[in-house]
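This report goes through one protein model for a reader who has not seen it before.

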Amino acid sequence: MRKHSSKLITRLGLFIFVLCTSAVMANAQTNIFQPTATVGGFSSGSKIPIDKLKAKKALSIYIKDAPAKYEILSYSVVLDNSADKVISANCTGSAFSTQVKENLQKYLEHGHLTSFENIRVKDEKGKELKIPSIFYYID
């Protein structure tokens, strides 16, 4: 009986190891080429100088260690200001819309947040996906 139970434990341990390894590999494969949005190369959560953000004209995509082959379809830019207003405008394509440019010039303030939300992209095979929102602290 003891011989069979040790084989069972060994097989069970091997099964659990393979299962865990498969899960880790599947997660690694899905995250390796995850597209990430950026404005001017600043990563989400960064402090960005107000003049740098006001000078930017578009959202871009990068993929760590791989060439980006994604097209930006649409996104929203949301800012808050000292008057406790939340100002939002939409963009189609990667370029900032006229409304976003105006909002950045008029409402962007030091010490507040700006976020880029509902970012929709299309990969080289035509598959559309929503990627994580990004935000910046305005310095």
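Aspartate 84 sits in the loop between strand 4 and strand 5. The model is a predicted one, and in it the phi angle of aspartate 84 is near 55°, a positive value in a residue other than glycine. Most residues other than glycine have a negative phi. Aspartate 84 counts as exposed because its relative accessibility is 73%, and the cut-off for exposed is over 50%.

Serine 82 belongs to the loop between strand 4 and strand 5 as well. With a relative accessible area of 54%, serine 82 is exposed. Which residues does serine 82 touch, not counting those up to four places away in sequence? They are Glu109 and His112. Glycine 111 is 29 residues from serine 82 in sequence, and their C-alpha atoms are 9.1 Å apart in space.

A positive phi is also found in asparagine 118, where the angle is about 50° although the residue is not a glycine. Asparagine 118 is part of strand 6. Its relative accessibility of 40% makes asparagine 118 partly exposed.

The accessibility values given for single residues are collected here.

| Residue | Relative accessibility | Class |
|---|---|---|
| Aspartate 84 | 73% | exposed |
| Serine 82 | 54% | exposed |
| Asparagine 118 | 40% | partly exposed |
| Asparagine 103 | 6% | buried |

The chain as a whole comes next. The protein chain has 3 helices and 8 strands, and from the N terminus on they follow the order α-β-β-α-β-β-β-α-β-β-β. Of its 139 residues, 28% count as buried. The accessible surface of the chain is about 9300 Å², and 57% of that surface belongs to carbon and sulfur atoms. Among contacts between residues at least 6 apart in sequence, 59% join residues at least 24 apart.

In soluble globular proteins, nonpolar side chains tend to be buried together. In this model the largest nonpolar core has 25 residues, and those with the most contacts inside it are Val39, Leu53, Leu59, Tyr75, Phe116, Ile119 and Ile134. At least two core residues come from each of helix 2 (50–55), strand 4 (70–80), strand 5 (86–92), helix 3 (98–107), strand 6 (113–123) and strand 8 (134–138). Strand 4 gives the largest share, 4 residues.

Isoleucine 119 shows what surrounds one of these core residues. Leaving aside neighbours within four places in sequence, isoleucine 119 is in contact with Ala37, Leu59, Ser74, Tyr75, Leu129, Lys130, Ile131, Pro132, Ser133 and Ile134.

One is asparagine 103, which lies in helix 3. Not counting residues up to four places away in sequence, asparagine 103 touches Leu79, Ile87, Ser88, Ala89 and Leu108.

The other is aspartate 123, found in strand 6. A polar atom of the aspartate 123 side chain lies 2.9 Å from the backbone nitrogen of lysine 125. Beyond neighbours within four places in sequence, aspartate 123 is in contact with Lys69 and Tyr70.

Definitions and conventions: Residues numbered from 1 in each chain as written. Predicted model: local features only at pLDDT ≥ 70, side-chain atom pairs only at ≥ 80, totals over all residues. Heavy atoms only, no water. Core = buried A, V, L, I, M, F, W, Y, C linked by side-chain atoms within 4.5 Å. Buried < 20%, exposed > 50% of the residue type's maximum accessible area, 1.4 Å probe, protein only. Contact = heavy atoms within 4.5 Å. Polar contact = N/O pair within 3.5 Å; in protein donor to acceptor, adjacent residues only side chain to side chain. Areas by Shrake-Rupley, 256 points an atom, 1.4 Å probe, with all protein chains shown as cover.
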